[in-house]
Amino acid sequence: MTTRQQEQYRQKLGSADQAAALVKSGDSLFMGEFAQNVEAVDAALALRKNDLRDVILITTTRAKPLKCVEADPGRESFIWNDWHFSGLGRKCGEQGLASYIPFSYHQGPQNVMLYEQPDVAVVQVTPMDAQGFFNFSTSCSMTPAYCRKAKKVVVEVNTKTPRCLGGLDEAIHISQVDMVVEGPNSLLLQLPEGQASDADRMIAGHVMELLEDGSTIQLGIGALPNIVGSMIAHSDLKDLGVHTEMLADSYVDMYEAGRITGMRKSIDRGKMVYTFAMGSQKLYDFLDNNPVAAIFPASYTNDPGVICQNPKVVAINNAIEIDLFTQVASEAAGTRQISGTGGQLDFILGAYKSEGGKGLICINSTFKKKDGTIGSRIVPTLSPGTIVTCPRSIVHYIVTEFGCAQMKAKSTWQRAEALINISHPDFREQLIKEAESMGIWRHSNKIA
């Protein structure tokens with residue numbers, strides 16, 4: 001790095017306490033995304049609890065506990081708003097300590113630029129490189145937009161984060177930074193691998209039948225996407241491409257098995273395109289300075305108009321509940337916020353517009369209730385208060401362990417019939433009765 005950049009670094013280097021002192025009552029403060037958890041400034045800010053009121057903290061899927069929130073159970077000093085709930089966000093939301101921000105993921109950066117007024121952005125970055133840039137590492141979805149819009153930008157340096165190549169907007173220059181804080185250099189969050197059930201494996205088997213050589217894949221989060229990734233790695237599929245929001249360990253396995261080349265993609269040929277990464281150290285080591293992967297803001301990765309430019313896009317996402325009208329609930333159960341819309345809506349739309357594309361909603365047909373009994377995830381109508389993530393008008397494929405149903409160009413009774421056919425056999429008779437009572441069942445079909 002040049003002498004000038006070194007001097008800028010020295011001039012802007014400060015302590016976490018000095019960074020926390022930039023925050024005033026009533027300010028809006030962005031504190032990073034996903035695996036990039038701001039720690040030093042969070043801890044210093046928590047110590048100022050008695051000096052501050054109504055400071056809004058904004059994150060995207062915070063993975064580690066916020067000291068500010070822990071220090072203020074009355075939510076008087078700090079108000080935490082999250083663009084997507086993790087398990088931590090869900091728990092805090094149930095305690096009245098976190099609020100969800102509804103949005104369609106690809107619109108996130110635009111929402112920030114049009115309607116947010118962040119006073120301070122604090123983001124975790126890699127050490128400054130020879131050209132004076134700090135890399136945003138594994139989280140690029142909305143961080144660049146917040147850094148552009150904030151009145152003050154603080155970077156918290158973590159020497160243990162991978163340098164993730166772009167793409168677009170993957171770094172910020174020292175000249176655009178107001179303060180540099182050297183953090184505790186903690187290892188990034190290590191996401192445990194979810195344990196797939198027998199039903200997950202059966203669903204994954206149906207998904208595999210829908211994949212072709214040259215497909216461009218998007219996998220969501222959880223045990224099911226992991227088992228799909230494992231099956232792909234052990235398959236004979238060729239020249240798969242990647243255009244996704246989340247990059248996880250399974251992509252590393254598929255790439256190293258030779259399944260992923262990206263050579264048949266129409267855009268970003270040969271690149272694994274993503275907007276954030278969460279997984280184990282295996283994933284972070286794979287991404288460090290690796291030109292095969294390219295990180296972009298969510299305004300690019302999740303734009304349906306961009307997604308559809310690649311051929312045979314297969315988007316694979318989970319759901320919580322689906323009703324007989326084929327409304328999909330993937331983020332809430334009743335009024336209880338569990339996760340968020342995320343990119344599911346974006347990728348279902350983009351996959352449908354892709355030549356040969358398929359947008360899949362994958363769901364286990366049943367779940368175990370608290371009392372030990374079994375309930376159906378395919379229901380007559382959604383539970384009262386439940387938020388619809390994917391409206392019936394855009395639903396394409398629904399997959400359970402009992403099969404796959406394509407929903408486009410089907411009437412309400414045809415959809416109900418197709419969905420009941422892939423529901424758990426123990427619930428089919430009752431679902432038919434409910435469909436009859438709601439007027440979405442034909443007498444030419446089986447009558448319960």
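Biologist: Which residue stands opposite Cys362 in E22?

Modeller: Asn318 does. Keep in mind that the model is predicted. Along E22, Ile316 stands opposite Leu360.

Biologist: What makes strand E17 and strand E22 a pair?

Modeller: Two strands pair if there are at least two bridges between them. Five bridges join E17 to E22 (residues 358-362). That meets the cut-off, so the two strands count as paired. They run parallel.

Biologist: How many bridges join strand E11 to E17?

Modeller: Four bridges join E11 (residues 216-219) to E17. The cut-off is at least two, so E11 and E17 pair too. These strands also run parallel.

Biologist: What holds paired strands together in general?

Modeller: Strands of a sheet pair through backbone hydrogen bonds, either parallel or antiparallel.

Biologist: Why is E17 called largely enclosed?

Modeller: Buried means under 20% relative accessible area. In E17 (residues 313-318), five of the six residues are buried, so the rest of the structure largely encloses this strand.

Biologist: How do you know that E22 is mostly covered?

Modeller: Five of its five residues are buried. Lys358, Leu360 and Cys362 point one way from E22. Gly359 and Ile361 point the other way. Residues on both sides are buried.

Biologist: Gly93 lies in helix H5 (residues 87-94). Why is Gly93 called partly exposed?

Modeller: Buried is under 20%, and exposed is over 50%. Gly93 has 27% relative accessibility, so it counts as partly exposed. Gly93 touches Phe85 and Ala98, leaving aside residues up to four places away in sequence.

Biologist: How far is Gly93 from Gln309?

Modeller: They are 216 residues apart in sequence. In space, C-alpha to C-alpha, they are 37 Å apart.

Biologist: Which residues of helix H15 are buried?

Modeller: In H15 (residues 412-421), they are Arg415, Ala416, Ala418, Leu419 and Ile420. These residues pack against several elements, among them strand E26 (397-400), strand E27 (403-406) and helix H16 (425-437).

Biologist: What about helix H10?

Modeller: In H10 (residues 249-256), Asp249, Ser250, Tyr251, Val252 and Met254 are buried. Their cover includes E11, helix H9 (223-233) and helix H11 (281-287). After H10 comes Gly258, with a positive phi near 85°.

Biologist: Why do residues three or four places apart in an α-helix point the same way?

Modeller: An α-helix has 3.6 residues a turn, so such residues point the same way.

Biologist: What is the strand order in the open sheet of eight strands?

Modeller: The order is E1-E10-E8-E6-E2-E3-E4-E5, with parallel pairing. Strand E1 (13-14) and strand E5 (99-100) are the edge strands.

Biologist: What makes E1 and E5 edge strands?

Modeller: Each pairs on one side only.

Biologist: How do you know that E6 and E8 pair in the parallel sense?

Modeller: Six bridges link E6 (residues 120-125) to E8 (residues 152-157), in the parallel sense. At least two are needed, so E6 and E8 count as a pair. Val123 has Val155 as its bridge partner in E8.

Biologist: Which residues line the second largest pocket?

Modeller: Its lining includes Ile320, Glu321, Phe367 and Arg377. The lining divides into five nonpolar, four polar and two charged residues. Ile320 and Phe367 fall in the nonpolar class, and Glu321 and Arg377 in the charged one. The pocket has a volume of about 200 Å³.

Biologist: Now the whole protein. Why does its radius of gyration agree with that of a compact globule?

Modeller: With 448 residues, a compact globule would come near 22 Å. The protein has 23 Å, which agrees. Its C-alpha trace spans about 80 × 50 × 35 Å along the principal axes.

Biologist: How much of the protein is buried?

Modeller: Buried residues make up 58% of the 448 residues. The protein has 16 helices and 27 strands.

Note on methods
Residues numbered from 1 in each chain as written. Predicted model: local features only at pLDDT ≥ 70, side-chain atom pairs only at ≥ 80, totals over all residues. Heavy atoms only, no water. 1 Å grid on protein atoms, 1.4 Å probe; cavity = no way out; pocket = protein on both sides within 12 Å on 5 of 7 lines; lining within 4 Å. Points joined across faces, edges and corners; volume = space filled by probe spheres on them. Rg over C-alpha atoms; globule rule 2.2 N^0.38 Å. Buried < 20%, exposed > 50% of the residue type's maximum accessible area, 1.4 Å probe, protein only. Contact = heavy atoms within 4.5 Å.
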